[in-house]
Amino acid sequence: MKIAVIFGGASAERDVSIASGTQVLKALKMKGHEVLAIDSANGIVTGKELDNLLNQEKLKIQKTPPDQKTLPRLKKQTARALTSIPELHAVDLAFLTLHGGEGEDGTIQAFFDVLNIPYTGSSHKGSALAMDKDLSKHLFRAAGVPTADWVLLKSHEITQTELEASFDYPLIVKANKQGSSVGLYVAKSWEEVQHAITNTLQFDDEVLIESYIPGKEYTVGILKNEALAVGEIIPQNSDLFDYESKYQADGAQEVFPAALSNELTKEAQRLALLAHQSLKLRDFSRVDFRLDEEGNFWCLEVNTLPGMTTRSLLPQSASSTGIPFPDFCERICQVAIERNQ
C-alpha cells in the first residue's frame, strides 16, 4: 500500500507526535509499504530531513511541552500545508499519528472526510467526543462506566466555598481538551487549585476539576473492538502519570501484563471496551483507569490517537497480547482499509 504518515501538528504534543510518526514510518517501511512522511504543519518531509528522522535511534522528547508562543504560528500553517500536497490524493490510506489539538479533536479527521481519503482511527465525531473530557465522563456514566465526580470551569468561576462544599482534597486539576497529561496537577489546598487553574489555562480555555482516586493506575489497549493486555503504570518521580513521567526514560515503570487477578483483568477489559464503544470510537484506542483500594476501576479518559512509539502504552499492550510493533501498525492499516471497503 501507499500510506501517508501524518505527524507533527500544532498541539502541545507536537514532539510526541513526531516521535510516534517516525516509529510508524520505520515499521511500515519494514513491512514493505510505500510511505509518505507529512508534518501537518510544514508539509512533506523528504531528503536529508527525513533521513535524519529515520536514522535517529531515539527521538528526544523534552521534559515540558513546546513553548506555547510557537504553536499559533504552526496552527496557521496547518491548513495551508495539507491542502497544498497533491500527493495526498494518490495514497491508499492516511495513518494519523497526531496527538492533541486539531489532530485528535476531529478537525483533521473531518478534513480527510472532505477529501474522501481513508484514514486510521476514529471518525471526527468520536474524536471530538473523546477529546472533551467533560462530555466523555457524561457518556461513561450513561454507559455504566464508573468515573470520578467532577466540575467543568470555563474561567475562575468557582469559589472556595462552592468547591469545598462538593469536594475533598486532594483534587485533580487538568485541561479539558488536552492529551499526554498536559496541564495536569494534584491540588491539596485552595491555593494550589488556583495556581493549577492559572497554569492549565495556558493550554485550554476549559479546566476540569475532579476527585482524586487513591490507588494504582492501569491502561488497556483496544484494537477492532477487542480488549488487549492490561498494563500497570507506576510513576517513579510523581504521584501522577504526568507529561514528564510519560516521556522521560526514568519517568515511570510500565508492567505488561499487569499483575492482576483474572477477575480484575477481565473487568478492566470489559470496562475499557464499554468506554470505547460509549464514545462511538472505531479501529483502536487506549483506555486509562485508576483502581481504588476496594478493587473498583474508575475511568480517567480514552485516547483516540495514543502514542505510537515502541515504548508507548498501546503498542506495549498489543505486544503483550502477541502482536509485535510492525505487525500492529500494519493491523491498524488493515482494519481501516477493511472498514472503508
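# Close-up views of a predicted model

The chain holds 13 helices and 13 strands, and the model shown in every view is a predicted one. Of the 341 residues in the chain, 57% are buried. Among the contacts in the chain with a separation of 6 or more, 70% are accounted for by residues 24 or more positions apart.

**View A. Packing of helix α1 against helix α2.** Two packed helices are described by the angle between their axes and the distance between the axes. Helix α1, which spans residues 14–30, packs on helix α2, residues 47–55, at an angle of about 90° and with the axes 9 Å apart. That makes α1 roughly perpendicular to α2, because angles of 65 to 115 degrees fall in that class. On the α1 side the contact is made by Ile-18, Thr-22, Leu-25, Lys-26 and Lys-29, and on the α2 side by Leu-50, Leu-53 and Leu-54. Sorted by class, the residues in the contact of α1 with α2 are 5 nonpolar, 1 polar and 2 charged.

**View B. Packing of helix α1 against helix α13.** The axes of α1 and α13 cross at roughly 90° and come within 9 Å, and the two helices are therefore roughly perpendicular to each other. From α1, the residues Gln-23, Val-24, Ala-27, Leu-28 and Met-30 meet Phe-325, Pro-326, Cys-329, Glu-330 and Cys-333 of α13. The contact of α1 with α13 divides into 8 nonpolar residues, 1 polar and 1 charged.

View C. In soluble globular proteins, nonpolar side chains tend to be buried together. The largest nonpolar core in this model has 47 residues, and those with the most contacts inside it are Ile-6, Leu-88, Phe-95, Phe-112, Met-308 and Phe-328. Two or more residues are given to this core by each of β1 (2–7), α1, β2 (34–39), α2, β4 (93–96), α5 (107–115), α12 and α13 (325–340), and the largest share, 8 residues, comes from α13. Leaving aside residues up to four places away in sequence, Ile-6 touches Ile-38, Ser-40, Leu-88, Ala-94, Phe-95, Leu-96, Thr-97, Leu-98 and Phe-112. Another core, of 23 residues, lies apart from the largest one and has Leu-271, Val-287, Phe-289 and Phe-297 among its members.

**View D. Aromatic pairs.** A pair of aromatic rings is described by the distance of the centres and the angle of the planes. The count comes to 4 aromatic pairs. One of them is the tilted pair of Phe-112 and Tyr-119, at 6.2 Å centre to centre and with 40° between the planes; Phe-112 and Tyr-119 are both buried. Phe-289 and Phe-297 have ring centres 5.7 Å apart and planes at 65°, so this pair is edge-to-face. Phe-289 counts as buried at 0% relative accessibility, and Phe-297, with a relative accessible area of 3%, is buried as well. Ring pairs also link Phe-111, Phe-112 and Tyr-119 into a cluster.

View E. Most residues other than glycine have a negative phi, and most peptide bonds are trans. A cis peptide bond with omega of about 0° joins Tyr-169 and Pro-170, and Pro-170 is found in the loop between α8 (160–166) and β6 (171–175). A cis peptide bond also joins Phe-256 and Pro-257, where omega is about -10°; Pro-257 has its place in the loop between β11 (252–255) and α11 (262–278). Ser-320, in helix α12 (residues 313–321), touches Ala-229, Phe-256 and Pro-257, not counting residues up to four places away in sequence. The C-alpha atoms of Ser-320 and Pro-257 are separated by 6.3 Å, although these residues are 63 apart along the chain. Ser-320 is partly exposed, with a relative accessible area of 32%.

**View F. Two loop residues with positive phi.** Lys-224, a residue other than glycine, has a positive phi near 50° and lies in the loop between β9 (216–223) and β10 (226–235). With a relative accessibility of 51%, Lys-224 counts as exposed, because the cut-off for that class is over 50%. Asp-283 also has a positive phi, near 70°, and is found in the loop between α11 and β12 (284–291). At 7% relative accessibility Asp-283 counts as buried, because its value is under 20%.

Terms used: Residues numbered from 1 in each chain as written. Predicted model: local features only at pLDDT ≥ 70, side-chain atom pairs only at ≥ 80, totals over all residues. Heavy atoms only, no water. Helix = DSSP H or I, 4+ residues; strand = E, 2+ residues; numbered from the N terminus. Buried < 20%, exposed > 50% of the residue type's maximum accessible area, 1.4 Å probe, protein only. Contact = heavy atoms within 4.5 Å. Axes fitted to C-alpha atoms, helices over the stretch in contact; angles between N-to-C directions. Parallel < 35°, antiparallel > 145°, perpendicular 65-115°, else oblique. Nonpolar A, V, L, I, M, F, W, Y, C, P; charged D, E, K, R; others polar. Phe/Tyr/Trp six-rings, centres within 6.5 Å; stacked < 30°, edge-to-face > 60°. Core = buried A, V, L, I, M, F, W, Y, C linked by side-chain atoms within 4.5 Å.
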